[in-house]
Amino acid sequence: MQPEPTVFIVDDHDRVRGSIRALLESAGLKVEDFSSAVDFLGQAQPGPGDCVIADVRMPQMSGLELQEELTRRAVRVAVIIVTGHADVPLAVKVLKAGASDLIEKPFDDEALLGAVSRALENGRQARELAASAQEAEALIALLTEREQEIFHQLATGRSNKLVAHALGISPRTVEVHRSRIQDKMRISSLADLVRIARAAESAQAALRK
């Protein structure tokens with residue numbers, strides 16, 4: 001079971017923090033708040049599936065600088081930037097930095113809740129994808145080097161005969177390895193094999209981003 005996601009509020013204005021916290025908690029969300037980005041970075045432990053709401057203008061470190069620092073630390077968490085001075089250049093800068101949304105103050109409650117809901121849903125899907133990919137990689141690691149070669153060939157949709165031709169072995173040898181692969185992975189069909197291969201590929205693609 002996945003842990004309950006946390007929404008972190010980072011804003012130097014007590015009244016704003018309190019208002020956002022009350023709104024989110026009324027929606028049943030788990031919330032932590034911090035009066036500065038420095039305190040947040042020093043004390044919070046955000047992870048995949050969580051969400052950060054940060055004011056763009058704060059002493060010591062702005063919301064944008066916080067976003068950049070989270071990216072530098074490879075912390076995969078959605079960031080929503082709030083500001084009372086939004087314009088096109090700022091919006092472009094915020095979204096190019098990787099923020100999931102930009103909300104203008106004074107914000108509409110439904111707009112903020114909608115942005116948080118989208119961020120948490122995206123995070124939930126990302127965590128499920130990561131878990132599936134991790135499971136796939138663990139299954140592939142059970143295979144010998146030769147079995148992994150055949151596994152990847154089969155995952156492209158090639159027949160036993162074509163795999164045999166590509167690797168310079170007999171179709172019967174491919175058939176034997178394929179049976180062992182399915183036993184080790186506890187799968188019964190080529191469709192399961194392809195699903196595992198795609199899950200592992202998605203993990204590698206995510207790491208390249």
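Buried means under 20% relative accessible area. Phe34 has a relative accessible area of 7%, so Phe34 is buried. The legends below describe close-up views of a predicted model.

**View 1. Phe8 and Phe34 form a tilted aromatic pair.** The ring centres are 6.4 Å apart, with 35 degrees between the planes. Phe8 belongs to strand β1 and Phe34 to strand β2. The pair therefore ties together parts 26 residues apart in sequence. Phe8, at 2% relative accessibility, counts as buried.

View 2. Phe40 counts as buried, at 1% relative accessibility.

**View 3. Phe8, Phe34 and Phe40 make up a cluster linked by ring pairs.** The structure as a whole holds 3 aromatic pairs.

**View 4. An open sheet is built from 5 parallel strands.** The strand order is β2-β1-β3-β4-β5. At the edges stand β2 (30–34) and β5 (101–104), each pairing on one side only. On average, neighbouring strands are turned by 20 degrees against each other, direction ignored. Helix α1 (residues 14–26) packs on the sheet and touches β1, β2 and β3. The direction of α1 makes about 170 degrees with that of β2.

**View 5. Strands β3 and β4 run parallel, joined by 5 bridges.** Cys51 stands opposite Ala78 in β4.

**View 6. The largest nonpolar core has 22 residues.** Val10, Phe40, Val52, Leu66, Leu70, Ile81 and Val94 have the most contacts inside this core. Strands giving two or more residues to the core are β1 (6–10), β3 (51–55) and β4 (78–83). Helices doing so are α2 (37–43), α3 (63–72) and α4 (88–96).

**View 7. Leu70 is one of the residues with the most contacts inside the largest nonpolar core.** Leu70 touches Phe40, Leu41, Val75, Val77 and Val79, leaving aside residues up to four places away in sequence.

Methods. Residues numbered from 1 in each chain as written. Predicted model: local features only at pLDDT ≥ 70, side-chain atom pairs only at ≥ 80, totals over all residues. Heavy atoms only, no water. Core = buried A, V, L, I, M, F, W, Y, C linked by side-chain atoms within 4.5 Å. Buried < 20%, exposed > 50% of the residue type's maximum accessible area, 1.4 Å probe, protein only. Helix = DSSP H or I, 4+ residues; strand = E, 2+ residues; numbered from the N terminus. Contact = heavy atoms within 4.5 Å. Pairing = 2+ DSSP bridges. Axes fitted to C-alpha atoms, helices over the stretch in contact; angles between N-to-C directions. Phe/Tyr/Trp six-rings, centres within 6.5 Å; stacked < 30°, edge-to-face > 60°.
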